[in-house]
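This report sets out selected features of one structure, arranged by topic. The structure itself is shown first.

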Amino acid sequence: MEENPTLDSTAWGSSNGWLAPREARGASFPSAGRSLSSVLNELPSAATLRYRGPGVLPWGTPEEEEEEDGGRSRQAFAEATQMELQDPHPSRELPWPMQARRAHRQSHARDQLVHGSGPRMDQLARLLWRSKEKTKEGLQRLQPWAWTLKRIGGQFGAGTESYFSLLRFLLLLNVLASVLMACMTLLPTWLEGAPPGPPGLNTSSPCGFYDPHSQGLVTFDTQLFNLLSGEGYLEWSPLFYGFYPPCPHLAVTYLCWAFAVGLLCLLFILHRSVSGLKQTLLAESGALTSYSHRVFSAWDFGLCGDVHVRLRQRIILYELQVELEETMVRRQAAVRTLGQQARVWSVRVLLNLLVFALLGAAFYGVYWATESTVELQETPLVQETPLLKLGVNYLPSIFIAGVNFVLPPVFKLIAPLEGYTRSRQIVLILLRTLFLRLASLVVLLFSLWNQITCGGDAEAEDCKTCGYNYKELPCWETLVGQEMYKLLLFDLLTGLAVALLIQFPRKLLCGLCPGALGRLAGTQEFQVPDEVLGLIYAQTVVWVGSFFCPLLPLLNTVKFLLLFYLKKLTLFFTCSPAARTFRASTANFFFPLVLLLGLAISSVPLLYSIFLIPPSKLCGPFRGQSSIWAQIPESISSLPETAQNFLFFLGTQAFAVPLLLISSILMAYTVALANSYGRLISQLKRQRETEAQNKVFLARRAVALSSTNPAF
């Protein structure tokens with residue numbers, strides 16, 4: 001160390017009105033017996049003293065220094081306190097303890113009584129802010145099952161809680177779609193009077209006739225078959241598209257309802273995805289995933305009651321468990337040699353080839369089941385046996401459910417062999433299972449399209465007259481609605497059967513058989529990926545079939561309501577907490593993103609049906625039109641000329657090109673602004689790290705100088 005070290009006063013930096021360094025005040029440095037706490041008070045970090053409230057002296061100020069520096073320090077803190085008291089921010093935003101904030105709020109209230117209520121604009125802004133906060137608190141109180149979700153998160157982890165939160169969100173979407181359907185479809189139908197019946201045998205139409213009603217006495221077996229398949233008395237009911245009469249106003253509201261539901265679902269999902277993206281970015285950036293944050297900053301000191309305290313303890317425990325598991329996997333991946341990495345990537349390639357082979361076999365099976373259904377229904381044996389006829393009618397649904405039941409456990413066995421973290425394994429299982437479920441639905445829709453449009457050949461004998469296969473499918477929209485109705489109903493029945501016939505008996509077996517056998521048979525974990533994909537698949541089916549089966553969102557609302565209580569009962573009575581959990585931020589962002597993908601996939605067949613496939617000539621509100629969308633230009637032509645010109649202008653290039661340019665400019669500006677903010681944040685982080693290192697170095701140097709120069 002140097003004999004006569006000197007420190008430049010500028011090296012200490014400016015304190016911005018707070019306690020200046022001793023050298024800057026003209027005093028000698030260092031003083032006799034200086035402690036580390038007194039040196040730290042002269043560093044730039046002394047500016048954080050204001051967070052302890054107004055009028056607080058520096059940390060570790062010795063008794064003998066109070067007379068010398070007390071006046072200056074008190075004066076500096078008094079000036080800072082006066083500046084904060086003049087700050088227009090509310091008391092809750094001041095960096096003070098609770099007692100100081102309460103005193104500031106009371107003092108501010110007395111000043112308002114003495115000097116008046118302040119400017120009218122400030123009072124109005126304060127009123128609007130309070131109204132916004134109260135509205136937000138009221139909406140949070142109106143959320144159903146809030147306490148149930150907290151209990152689930154505390155006992156089974158945030159991943160399981162995210163499943164029930166997604167179920168509640170989807171229930172809200174279906175309730176909203178049901179309300180819109182009742183106001184825009186059912187109500188106009190009833191106001192028009194009793195709808196006419198289906199066209200009978202006496203109808204003179206080149207597209208034949210259509211009469212779904214059963215003739216003669218209907219047995220109980222036939223009634224049950226009609227209930228499960230959507231045929232018979234249900235086929236000509238408000239449940240399906242063909243029931244609604246060809247009224248121009250009803251056709252417009254019917255189509256507007258479909259677009260309104262899709263747009264609202266898109267906005268709600270985007271809002272949920274953006275909120276989840278913020279949590280994911282914070283979690284992945286490392287700012288909130290350190291163990292010190294979990295230990296020192298994750299506790300809520302406003303909790304009341306032992307139950308809430310225990311739930312919060314369990315939540316923190318699960319978060320720490322997730323962090324430790326993923327840190328261990330990352331450390332193992334960081335120390336791999338080149339040979340180990342090559343072996344890991346070879347295993348991943350082979351496993352992915354196996355996954356693709358299984359998916360290809362599943363898709364071919366779904367296509368075969370759909371194409372064979374029509375041929376099997378015409379055989380005499382199937383026609384004479386009602387149970388066999390019901391099985392053949394449900395053959396595509398049974399095959400899709402079987403594939404979705406067998407392959408996800410295989411994907412679950414494959415994922416741990418690839419050497420990823422738990423969160424990455426969850427994402428891979430979700431993606432593979434999602435691709436299986438949604439692609440199976442796409443294959444089913446493709447086979448239906450092949451039957452409706454004669455394989456896309458408009459010049460075929462069966463499709464040349466009416467533009468679709470009118471001989472086998474006189475009302476093809478109702479057929480699509482029936483397939484989606486059967487998928488929804490079969491999915492519900494499958495869920496009930498698994499819970500009542502597999503999960504609860506396993507739990508009873510665990511109680512009746514003591515020992516290792518009973519524990520092995522009764523130990524069950526709530527499989528979040530499978531359950532979440534089941535929800536997204538069911539909602540995608542509803543989005544596809546809601547146009548052809550308008551009451552499908554209402555049926556799905558009832559299904560999700562039953563499913564919530566069934567899964568809750570299964571979770572608390574038959575399942576144990578998961579041995580391996582995953583981060584909740586992954587679920588909060590990835591689940592809505594997958595749901596958004598399901599919405600995009602469901603919109604493709606719907607838009608294709610609206611714009612390209614001719615509607616049925618014998619049923620539905622769009623009968624007699626060249627396409628479903630043709631009703632909109634025809635309705636616009638009945639409006640006043642000014643309204644027509646405005647609406648047609650919205651579809652021209654003169655409106656689309658400037659809109660595209662403005663959107664591109666705004667997007668480029670937003671991206672540039674985000675990049676500049678990102679660079680600024682990175683610079684501030686580096687500056688913070690440098691300042692922290694400088695403070696530690698200066699503090700150690702000051703203490704060393706103080707100990708080597710006791711004469712000062």
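## Disulfides

The S-S bond of cysteine 475 and cysteine 619 has a torsion of about 95°, so this disulfide is right-handed. It joins distant parts of the chain: cysteine 475 lies in the loop between helix 15 (422–452) and helix 16 (476–512), cysteine 619 in the loop between helix 20 (584–611) and helix 21 (631–636), and the two are 144 residues apart. Helices here are DSSP runs of H or I with at least four residues, strands are runs of E with at least two, and both are numbered from the N terminus. The sulfur atoms of cysteine 475 and cysteine 619 are 1.9 Å apart. Both cysteine 475 and cysteine 619 are buried, where buried means under 20% relative accessible area, exposed over 50%, and partly exposed in between (1.4 Å probe, protein chains only).

With a disulfide taken as a pair of cysteine sulfur atoms within 2.5 Å, the count is two disulfides. Cysteine 454 and cysteine 463 form a disulfide as well, with their sulfur atoms 1.9 Å apart. The torsion about the S-S bond of cysteine 454 and cysteine 463 is about 85°, and the disulfide is therefore right-handed. Cysteine 454 is partly exposed at 21% relative accessibility, whereas cysteine 463 is buried at 1%.

## Basis of the model

The model is predicted: local features require pLDDT of at least 70, side-chain atom pairs count only at pLDDT 80 or more, and totals for chains, interfaces and linings use all residues. Residues are numbered from 1 along each chain as its sequence is written, and side-chain values use heavy atoms, with hydrogens and water left out.

## Salt bridges

A salt bridge is defined as a side-chain nitrogen of Lys or Arg within 4 Å of a carboxyl oxygen of Asp or Glu. In one of them, glutamate 418 meets arginine 432 with an N to O distance of 2.9 Å. This pair links distant parts of the chain, 14 residues apart: glutamate 418 is in the loop between helix 14 (395–414) and helix 15, and arginine 432 is in helix 15. Glutamate 418 is buried at 2% relative accessibility, and arginine 432 is buried at 8%.

The closest N and O atoms of lysine 486 and glutamate 483 are 3.2 Å apart. Lysine 486 is buried, with a relative accessible area of 3%, and glutamate 483 is buried at 9%. Lysine 559 forms a salt bridge with aspartate 491, the closest N and O atoms being 2.6 Å apart. That pair links distant parts of the chain, with lysine 559 in helix 19 (residues 552–574) and aspartate 491 in helix 16, 68 residues apart. Lysine 559 is buried at 4% relative accessibility, while aspartate 491 is partly exposed at 24%.

## Nonpolar core

A nonpolar core is a set of buried Ala, Val, Leu, Ile, Met, Phe, Trp, Tyr and Cys residues joined through side-chain atoms within 4.5 Å. The largest such core has 112 residues, and Met484 and Phe547 have the most contacts inside it. Helix 15 gives the most to this core, contributing 13 residues.

Contact means heavy atoms within 4.5 Å. Apart from neighbours within four places in sequence, methionine 484 is in contact with Leu441, Leu444, Leu445, Val541, Val544, Gly545 and Leu552.

## Helix 13

In helix 13 (residues 386–393), the residues Leu390, Val392 and Asn393 are buried. Viewed down the axis of helix 13, its buried residues fall within an arc of 165°, so they line one face of the helix. The arc is that of the directions from the helix axis to the C-beta atoms.

## Annotated transmembrane regions

An unreviewed UniProt entry lists several residue ranges as "transmembrane region", among them 532–554 and 591–613. UniProt positions are given in the numbering used here, feature names are shortened, and annotations may be inferred rather than shown by experiment.

In the model, residues 532–554 are 74% helix and 0% strand, with end C-alpha atoms 20 Å apart. For residues 591–613, the end C-alpha atoms lie 33 Å apart, and the span is 91% helix and 0% strand.
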